Amino acid sequence: MNVSYESKIDISFENIFSFIKNSGSNKKVIFIDPIVLANNPIFLEIETNDHNLFLIPTNIYENTKEIESVISILKILEDKGIGRRNDMIYAIGGGALLDTVSLATSIFRRGIFIIKVPTTLLGIVDAAIGIKTGVNFEGQRNRVGSYHFDFKVVIDPFLLKGVNPGLIRQGLGEIFKIAVIKSNKLFEKLEDCSRELEITKFYSDPRGLEIINNSIELMLEELHDNPRETVLKRCVDFGHSFCPLVEMESIKRPGIKTIPHGYAVAYDCLLTSKISYIRKLLSEKDFLKIYNLYNKFDFNFENEIYQDINLLWASFLELTKHRGGSQNLPVPTAVGKYTFLQDLKFEELETANTLIQKSLRK
Ligand SMILES: NC(=O)c1ccc[n+]([C@@H]2O[C@H](COP(=O)([O-])OP(=O)(O)OC[C@H]3O[C@@H](n4cnc5c(N)ncnc54)[C@H](O)[C@@H]3O)[C@@H](O)[C@H]2O)c1
């Protein structure tokens, strides 16, 4: 598949090892997740055979997706003497690593090219294909970042090996989001293969690849005409309204399990669907389809923070600010169709959240 926006971005499915070996660049600096490296010792072989290739095991996840990590990456780029044009930077890992390394490359020498190689399902269908880079800052998700257009994405589904079902489910959170809001067809495919979707090998077989392709295409349809988000009414914001602060708080608050991004997105989708159902914008039949698939995927992640209605509302107010002062809340009106709300009230959110919490606890 070759998709482009702003005329130069491309995504390809290929074997990453041949890609690196055949790359004609001068120096190659590869920031790689240590788990991915441990599962694929062939990277070490490639390094041994290429004295211009530097493997940098880089452990970045949500807690370390911080400005300090960007500075460490910038120091490595400087230390290796990376130039503006003929050298190649790779980021091989999950969404947090890709976001952080991309941010560093977007500001090093005012922007250098990067190859993004996602190794989680969420990275494949979402984090890698966007142009947004970013790190968390002062307790806000992705508060510091940039738009970086100079990249290529290489997707090699074999790198998913070693990913556990929990991590696969996180990717399914974003796929669930795009299906509910934009595509009944994809939603039905998810229902059909719901049993196999947690098996990593499934994504190297044609049906798994089709789900990946569909999700990417649906995301790109939205990004294509609005890459810098100049239009603030975006259906892909579905699932990203009430839970961003919940997610951040779950990292900070002692004694609480961290809520992974994909789970938070899925919960946000369910809650928003409930709001739509209570307003009679979404039929009971469609709400139940969404609710049942949510449960089939076992997105339920019991965490008392979901009951903190003030935090959910604060998150929504923050997002409203981010959307230029308008709520622009995408809500499903059927599976695959949506509208935007501009007048959600605190009490409505509270009612919907109480009902969802009650039904999930049953
Ligand atoms: N830029 C964007 O447009 C965009 C879009 C969506 C999400 N994101 C970001 O993506 C991040 C979430 O990404 P994620 O779900 O990939 O999680 P992650 O990047 O936090 O990675 C989770 C864990 O998976 C491990 N891991 C990575 N690949 C592995 C593999 N093949 N086998 C075993 N373990 C592996 C990592 O070591 C890490 O501990 C969030 O920070 C989110 O903000 C960005």
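Here are a few questions and answers about this predicted model.

Q: How many helices and strands does the protein chain have?
A: Let's start with the fold as a whole, going by its secondary structure. The protein chain comes to 14 helices and ten strands.

Q: What radius of gyration does the protein chain have, and what would a compact globule with 362 residues have?
A: Along its principal axes, the C-alpha trace spans about 60 × 45 × 40 Å. A compact globule with 362 residues would come out near 21 Å, so the chain's own value agrees with that: 20 Å.

Q: What percentage of the 362 residues count as buried?
A: To count as buried, a residue needs under 20% relative accessible area. Across the protein chain's 362 residues, the share that makes it is 57%.

Q: Is Arg109 buried, exposed or partly exposed?
A: Arg109 sits in the loop between helix 5 (95–107) and strand 5 (114–118). On the surface, Arg109 gathers with Arg84, Arg85 and Arg110 in a patch of positive charge. Arg109 has 42% relative accessibility, so the label is partly exposed.

Q: Where is Asn63 found, and is Asn63 buried, exposed or partly exposed?
A: Look in the loop between strand 3 (53–57) and helix 4 (67–79) for Asn63. Its relative accessibility is 39%, so Asn63 counts as partly exposed.

Q: How many Å apart in space are Asn63 and Pro227?
A: In sequence, Asn63 and Pro227 are 164 residues apart. Going C-alpha to C-alpha, their separation in space is 27 Å.

Note on methods:
Residues are numbered from 1 along each chain as its sequence is written. This is a predicted model: local features need pLDDT of at least 70, side-chain atom pairs count only at pLDDT 80 or more; totals for chains, interfaces and linings use all residues. Side-chain values use heavy atoms; hydrogens and water are left out. Patches are made of residues with over 30% relative accessible area and no salt bridge: like charges are joined within 9 Å, nonpolar side chains (Val, Leu, Ile, Met, Phe, Trp, Tyr) within 5 Å. Accessible areas come from the Shrake-Rupley method with a 1.4 Å probe; for residues, only the protein chains shown count as cover. A salt bridge is a side-chain nitrogen of Lys or Arg within 4 Å of a carboxyl oxygen of Asp or Glu. Lys and Arg count as positive and Asp and Glu as negative; His and the chain ends are not counted. The place of a charge is taken as NZ of Lys, CZ of Arg, CG of Asp or CD of Glu. Helices (H or I, at least four residues) and strands (E, at least two) are DSSP runs, numbered from the N terminus. Buried means under 20% relative accessible area, exposed over 50%, partly exposed in between (1.4 Å probe, protein chains only). The radius of gyration is taken over C-alpha atoms; the globule rule is 2.2 Å times the number of residues to the power 0.38.
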